Amino acid sequence: MTVTDATMSTLVDSIEVPTELLVAGVWRPAASGRRLDVADPATSLVLASVADADAGDAAAAIGAASEAAAEWAATAPRARADLLMRAFHLMLDRSEELARLISLENGKSLADARSEVSYAAEFFRWYAEEGVRLRGQVGRSPGGANRLVVTHQPVGVSVLITPWNFPAAMATRKIAPALAAGCTAVLKPAAETPLTALAVAALLLEAGLPPGVLNVVTTSDPGPVVEAMLTDPRTRMLSFTGSTEVGRLLLRTAADQVLKCGMELGGNAPFVVLADADVDAAVDGAMVAKMRNGGQACTAANRFFVQAPVHDAFVEGLVARMAAVQVGPGTDESTQCGPLINDEAVRKVDVLVRDALDRGARALLGGRPADGPGCFYPPTVLVDVPLDARVLHEEVFGPVAPVVRFEREEEVLAMVNDTTFGLVSYLYTGDLARGLRLAEGIESGMVGLNRGLVSDPAAPFGGTKQSGLGREGSTEGLLEFMETQYVATSW
Ligand code: NAP
């Protein structure tokens, strides 16, 4: 292993953080011998280097998954569930070390990293429980001639691709249902945050993972590596979490073999506060919806629509809370908002904020990148944001809250739905019936009604429109990794 950072060295003394590829149960270097550096976004210093796979390594990983597929599919659901439950407990035992690792390579605050670890571990528990409830159906055909026997079979070798913003949870949200369903898989984590995924894979090995059931490839060259896996005839499923732009590209590649596709893509979440809302509760919810991960979440509130009578009180409360946020390296215990993932992310946020300011918005807090080293952008609140500002239409992925005032309830749905995305929306109102009525008109896969957080392993997570296809979590997440088979039976 190559580890170059002192904090990282201390960490790897207490938790196994592999830095090679996992293929057929063995940690091995990339065939080319190439390495990929992983940096701490708070300092830009290199933490460690991991194996840098090419298309040949990817094919070997698919081969390993393919060889293990039949036996894993035939393994008793209870045995698969027991493995996942052991992984759940191991993850909880190592939660503090995993949180520190996430915070180091991703930059998020320790508080955010700790909640990510517990969220991530819950997918192992939920699918350990769900994986022994693989029910089918038996019915009689309407004509009465035969019985309709319906079962669900594992879809087969699955390629799991994850982003950097939740390096543990996005991995377990795919690994757990895939393995519970009886599929074998190859995980390709994001190049910025491969260490967490490798540490999670090490825990699974410790829990008794058979060789080849989960393989991990890390790479600096995702295009050819992923293409090799998606065009390999042994692959049957693509489960992707990341940007809509890359998702669209992969759907095209997946079309060649008509792969089953689960796509968790970008968002542009509206956060609506109606005049009858509890403003303090709405500000609390806004802080969660906006500031989890420093705004770097697909579920992050991206645009705020506040009804005129409560606009000023909401903005005053939000500015006070955003101004009090402690910004710094994620690994400092006092930090509430860490750095953005890299310099490019800071530049992108800056472009969107400057565009809004140029079009007439006003910054009541923040409004330009922080000086000094590290990839920091300060908490920012923009008001009087015009409807054509780019920040209302593109994912900002940073701690920026653009606020739009609206007058009548009738006009808000059109503004909320004026987006190609449809992942999640937030709505605050004192009238639950009004909230449910409005929720039905909102074009998004999830709605937080008087809540700033929707994620729950037991709930179907996913988007409509260009935010994705399919659902993760819940029973639906398990069925994503299964094919329905109907047997027409003469009884
Ligand atoms: P991204 O750039 O789309 O990358 C996601 C994954 O795809 C990474 O593993 C990346 O590898 C890989 N990738 C990039 N280009 C590729 C290519 N040409 N071919 C094959 N694979 C490729 O997204 P990100 O910046 O990591 O994550 C942020 C995005 O994810 C946001 O849009 C966010 O909304 C979305 N997201 C959605 C959900 C959800 O559940 N809906 C959850 C979290 C995040 P590299 O790291 O090497 O580039």
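At what angle do the axes of helix H4 (residues 95-106) and helix H7 (residues 194-206) cross? Select both helices: their axes come within 8 Å and cross at roughly 155°. Angles over 145 degrees count as roughly antiparallel, so H4 is roughly antiparallel to H7. This is a predicted model.

Keep this pair on screen and show side chains. From H4, pick Leu98, Leu101, Ile102 and Glu105; they meet Pro194, Leu195, Thr196, Ala199 and Leu203 of H7. By class, the residues of this contact are seven nonpolar, one polar and one charged.

**Second stop: H3 and H5**

Select helix H3, residues 77-93, and helix H5, residues 110-130. Their axes are 8 Å apart, and the packing angle is about 160°. That angle makes H3 roughly antiparallel to H5. The crossing of H3 and H5 is left-handed.

Now display the residues in contact. On the H3 side these are Ala81, Leu84, Met85, Ala87, Phe88, Met91 and Leu92. On the H5 side they are Val117, Ala120, Ala121, Glu122, Phe124, Arg125, Tyr127, Ala128 and Glu129. Colouring by class gives 13 nonpolar and three charged residues, with no polar ones, in the contact of H3 with H5.

Move to helix H10 (residues 279-291) and helix H11 (residues 308-323). Here the axes cross at roughly 50° and come within 9 Å. H10 is therefore oblique to H11. The crossing of these two helices, H10 and H11, is right-handed.

H10 contributes Val279, Ala282, Val283, Asp284, Ala286, Met287, Lys290 and Met291 to the contact. H11 contributes Val310, Ala313, Phe314, Gly317, Leu318, Arg321 and Met322. In the contact of H10 with H11, eleven residues are nonpolar, one is polar and three are charged.

**Last stop: the ligand**

Select the ligand and the residues around it. How many residues surround the ligand? There are 31, and the closest are Thr162, Arg173, Ser243, Leu265 and Glu395.

- Trp164: a polar side-chain atom lies 2.9 Å from an oxygen atom of the ligand.
- Ala191: a polar backbone atom is 2.8 Å from an oxygen atom of the ligand.
- Gly242: a backbone N or O atom is placed 3.4 Å from an oxygen atom of the ligand.

Notes:
Residues numbered from 1 in each chain as written. Predicted model: local features only at pLDDT ≥ 70, side-chain atom pairs only at ≥ 80, totals over all residues. Heavy atoms only, no water. Axes fitted to C-alpha atoms, helices over the stretch in contact; angles between N-to-C directions. Helix = DSSP H or I, 4+ residues; strand = E, 2+ residues; numbered from the N terminus. Parallel < 35°, antiparallel > 145°, perpendicular 65-115°, else oblique. Left-handed = near helix turned anticlockwise from the far one by under 90°. Contact = heavy atoms within 4.5 Å. Nonpolar A, V, L, I, M, F, W, Y, C, P; charged D, E, K, R; others polar. Near = heavy atom within 4 Å. Polar contact = N/O pair within 3.5 Å; in protein donor to acceptor, adjacent residues only side chain to side chain.
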